[in-house]
Amino acid sequence: MKRKKRKGLFLSLFLTFIIISGCSSSSTVINEEEVRVRFATYVPVTSPVYKHLAEPWMERVVELTDGKVEFNTYPGEQLGKAHDMLKLTRDGVIDIGLFPANYFPEYMPITSALTGFPSLNTSSYQGTVAYNELLKIDNEMIQRDFNNNRIVPIMGHVSPTYDIWTIEKEVRVPADLKGIKIRTAGGITNEYFSHFAAVPVTISHTETYEALEKGIIDAANYSSVGVDASGTKDLLGHATFPHIGTAIHALVVNERIWNRIPEDVQEAMLQAADEIIEDSGRIYDEETEVFNQLFADEGGKIIELTEEEEQQWDEAAAEFIKTWISNNDDKGIPYQEVLDQYKQLLEKVE
């Protein structure tokens with residue numbers, strides 16, 4: 001009996017040692033010789049966001065610091081769901097997080113508004129370059145969207161535009177949206193579609209295929225790469241590109257962790273971001289063109305809008321944004337000022 005107890009005690013101690021060792025190897029270490037931090041995101045390693053943003057950024061940081069920095073990576077919601085990423089980074093569960101601002105209108109009011117407004121950026125490259133310039137000059141956005149959440153922005157990535165992908169119906173002008181049940185990412189985009197009598201349905205990326213297949217929705221508000229990643233290409237027949245919203249992914253560091261990181265490593269992290277900003281946007285745009293061509297080659301129809309039809313979308317967007325800002329003016333957030341500044345930066349990139 002004693003021998004069994006001893007054996008059990010030994011096994012328990014051994015397992016405890018293994019667990020402690022595992023935790024130790026993945027714990028945060030920050031000093032002048034070594035920086036080991038936890039990086040987490042909701043996307044899997046196969047996602048374009050991971051392949052074209054997260055991975056090259058981390059690799060470049062390691063190169064610039066001669067291996068001084070080590071990232072313990074947790075992709076695919078290993079440390080939490082997408083809608084928890086900001087809070088987990090703010091609270092220090094995650095040292096560095098990558099998540100979409102679209103999911104956090106309460107915490108990132110300015111950036112999330114920019115993601116939902118229609119007819120802003122026309123490409124990922126244009127939006128990404130302009131938004132990162134905005135990060136450098138707009139103190140109001142930095143304070144509200146980042147400082148208030150105790151996170152430090154490293155860079156933002158703007159996706160290709162979200163457009164209208166339908167199973168059967170051709171959508172040429174805003175009036176054609178009436179009655180369409182369309183998948184959205186939520187937020188301001190829902191208000192936009194409701195404004196034109198469509199029925200926005202906020203469901204997750206992983207649920208979209210089944211919802212289309214079962215007829216729960218008729219359409220999806222997706223970027224081209226989003227359609228590709230969701231596997232819904234074969235269910236969709238038509239695409240219209242009036243540029244209704246986008247996604248802005250924020251790469252951020254917990255404020256307390258950032259303040260502990262040596263200055264040379266901070267500089268390397270910012271430099272690495274600056275170096276990949278343009279390429280990350282260009283790659284997305286290239287993949288968009290490739291996918292759109294494939295969609296058309298396989299029988300999908302990309303709607304070619306006339307100048308008059310495009311004008312209707314532009315006027316609808318301007319009207320919607322004006323109304324939305326007026327309705328939210330009492331919040332004390334300078335939406336119009338930031339939007340004007342962002343538009344100026346977008347024009348420069350064009």
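What percentage of the 350 residues in the protein chain is buried? Buried residues make up 51% of the chain, where buried denotes under 20% relative accessible area, exposed over 50%, and partly exposed the range in between, with a 1.4 Å probe and protein chains only. The model is a predicted one, in which local features need pLDDT of at least 70 and side-chain atom pairs count only at pLDDT 80 or more, whereas totals for chains, interfaces and linings use all residues. Residues are numbered from 1 along each chain as its sequence is written, and side-chain values use heavy atoms, with hydrogens and water left out.

The protein chain contains 13 helices and 12 strands; these are DSSP runs numbered from the N terminus, helices being H or I of at least four residues and strands E of at least two. Along the principal axes, the C-alpha atoms fill a box of roughly 85 × 50 × 40 Å. Of the contacts (heavy atoms within 4.5 Å) with a separation of 6 or more, 74% join residues 24 or more positions apart.

The largest nonpolar core has 89 residues, and Trp57, Phe71, Phe117 and Tyr131 have the most contacts inside it. Apart from it lies another core of 12 residues, including Trp165, Ala211, Ile217 and Tyr222. A nonpolar core is a set of buried Ala, Val, Leu, Ile, Met, Phe, Trp, Tyr and Cys residues joined through side-chain atoms within 4.5 Å. Leaving aside residues up to four places away in sequence, Phe117 touches Ile188, Gly245, Ile321, Trp324, Ile325 and Leu339.

Helix 4 (residues 109–116) is largely enclosed by the rest of the structure, because eight of its eight residues are buried. These residues pack against helix 5 (124–137), helix 6 (139–146), helix 7 (188–195), strand 11 (248–254), helix 12 (307–327) and helix 13 (335–349).

Ile277 lies in helix 11 (residues 263–297) and is buried, at a relative accessible area of 8%. Beyond residues up to four places away in sequence, Ile277 touches Thr128, Val129, Asn132 and Met155. The C-alpha atoms of Ile277 and Phe295, 18 residues apart along the chain, are separated by 28 Å.

The loop between strand 3 (69–74) and helix 3 (85–90) holds Lys81, which is exposed at 52% relative accessibility. Lys81 and Val265 are 184 residues apart in sequence, and their C-alpha atoms are 28 Å apart in space. Glu77 is found in the loop between strand 3 and helix 3 and is partly exposed, at 29%. Although not a glycine, Glu77 has a positive phi of about 65°. Ala197, also not a glycine, has a positive phi of about 65°; Ala197 is placed in the loop between helix 7 and strand 8 (199–202) and is partly exposed at 37% relative accessibility.
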